[in-house]
Amino acid sequence: MEPQSDNSSEQQQVQPQRRPRGFAARAAAEATAIEMESMSPNDSGLTGGGGGKGKKEREREKERTKLRERHRRAITSRMLAGLRQYGNFTLPARADMNDVLAALARQAGWSVDPDGTTYRSSPAPPPTMPITPSPMIPYPVRSIESPVSTTALKNCSTKTPLDCQTPVLRIEGNLSPAMSLDSAVVAGPKNEKYPSVNPVNSTQCLEADQLMRDAGPQEHVDDYSGTPYVPVYVMLPTGVINSFCQLVDPEGIRQELTQLKSLHVDGVVVQCWWGIVEGWSPQKYTWSGYRDLFDIIRQFMMKIQVVMAFHESEVNESGDVLVSLPKWVLDLGRDNQDIFFTDREGRRNSECLSWGIDKERALKGRTGIEVYFDFIRSFRTEFDDLFVEGLISAVEIGLGASGELKYPAFPEKMGWAYPGIGEFQCYDKYLQQSLRKAAKVRGHLFWARGPDNAGQYNSRPHETGFFCDRGDYDNYYGRFFLQWYAQTLIDHADHVLSFASLAFEGTELIVKIPSVYWWYKTSSHAAELAAGFYNPTNHDGYSPLFNVLKKHSVTIKYVCPRLLYSGEGNDEAFADPDGLSWQVLNSAWDSGLPIAGQNALSSYGKEGYLKILETAKPGNDPDSHHMSFFVYQQPLSLLQSEFGFSELDSFIKCMHGNSFDSA
């Protein structure tokens, strides 16, 4: 009898269980692995050597804990992104659950005080206004059974009375003055086929909601009167100073400034090119052309922002490079090509100097930092009178390709074309030495290499083993490499700004941050990783950088994404320029850094200008953040450009706090 009893008990214990899926399966697998690896030597049938093995198990457990935390943060990040994108929630960059609950409560009509006190506030109706009971009140909310189509929205007039719409949700019962909405019975159509589906999660519902917001009446959308005053600067063209540091067309400059003055522009931006001023011999600086230019600007009593341009200028319409690096630097590069950034195939990029020589005496006895500082100090000494007068209001420090703080990961002369992911630029001997040192400190010398499965300049993330979903970018080696790659960018900014702060003490410093928005909707954010921003979905890549920039009290100048004004390539590149802008701007504001803007296109229509205004002056920001100034740039002078002066004039007026008057 006893064997039968044991047999039956075993049968009762062995029950078929449902196989967990998704995150539950991952969590179950991790829990099983942790339980098996945390067993004592006696439990697992092993003997001896418990001390060293226990230490390794503890280290592995720490790594597994970090991995679980990354998974948790990734899930939280996606949920917050959905609330911001589809729910129009204004959550801070590093929102916690309290922020989410408060936002949801406010959306539901509750009042939430800063100390967390939550209550429903519904003002009592005036005594002279009796409420007539109504058995059925139509409420214009649709269900998932009747999604709003684009055609229907186009054919629907915003003046159509509500009673002509299909009542798909009703409040039943008599409402009296003593009866609150909380006690009303809400009745609506039921979905028999999918009874548990929440219409808020429906893709059709989300898309229709967006269409309804776009189609609905927008009051005062063009009225910026009373908004904060945002100064507008215009960048002067590169060609105003030739390669011999001479002012090319003084009379043309006067006409240009006269036109800008009529538009009520606050000032101009002048790029001081390293390749021109120190172009022929080291430590021999020629500023004569810039002195003539500044004297003319002084006559118009306009402010000047100066750019310390340590990079090669962009290509003009004919395809010719306007300004290169100094000739003596290019001569050194022929003998020592490792002073330039290098890709995996060994191709050199002369857009700017490699950050690997920041502390290497590879420039005729000087380090890269010393070369930058000598140039900055020469400028500060030469134009001391302009600083004393207050004519120079700010100085922008060029920190990489195009003057932006980034690796030159997207060189068109190497064949890159949008929306390619770009390539890592860390294969010169100096950066490779830095990588080997970091790998040795980490205890894994075999990690001293760049990834060999990261694709080519024009690859897509899913075509590579490094950037694809669950790719190597998120394994132990990938996280080590990307952390080192991004830290090198941060260290370069820290070193250069340390010396710039000494030279320009008391003057506003500016750092330009690019908008690498393509592939932002993928898990790896491949293009951002190649540019030096360690910002995948499970890691915040901008807060560590902004914390360092905060130390030097700089102003962030964010290049407004091109796709904010054009839908080109959105689907193909999984681009999200609005999402990236939201993250960068809020991360900077949360760090206490002022934000400025600069356009990425040569000209705009009214729609584009309004998009800039929405970014510069967010209307739904509870903290009333806004940009500190905006820089308008164009490849040609205003006299040569063909665009609407009236629209530009209206745009500047709106930046100054007036209404957008369309011509």
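The model is predicted, so local features need pLDDT of at least 70 and side-chain atom pairs count only at pLDDT 80 or more, while totals for chains, interfaces and linings use all residues. Residues are numbered from 1 along each chain as its sequence is written, and side-chain values use heavy atoms, with hydrogens and water left out.

- Rings of Phe, Tyr and Trp (its six-membered ring) pair if their centres lie within 6.5 Å; planes under 30 degrees apart are stacked, over 60 edge-to-face, and the rest tilted.
- That rule gives 46 aromatic pairs.
- In one of them, the Phe373 and Phe499 ring centres sit 5.3 Å apart with planes at 50 degrees, so the pair is tilted.
- Phe373 is buried at 18% relative accessibility, while Phe499 is partly exposed at 35% (buried is under 20% relative accessible area, exposed over 50%, partly exposed in between; 1.4 Å probe, protein chains only).

**Phe379 and Phe504**
- Phe379 and Phe504 pair edge-to-face, 6.4 Å centre to centre with 65 degrees between the planes.
- Phe379 is buried at 0%, and Phe504 is buried at 1%.

**Arg479**
- Beyond its neighbours within four places in sequence, Arg479 contacts (heavy atoms within 4.5 Å) residues including Glu63 and Tyr534.
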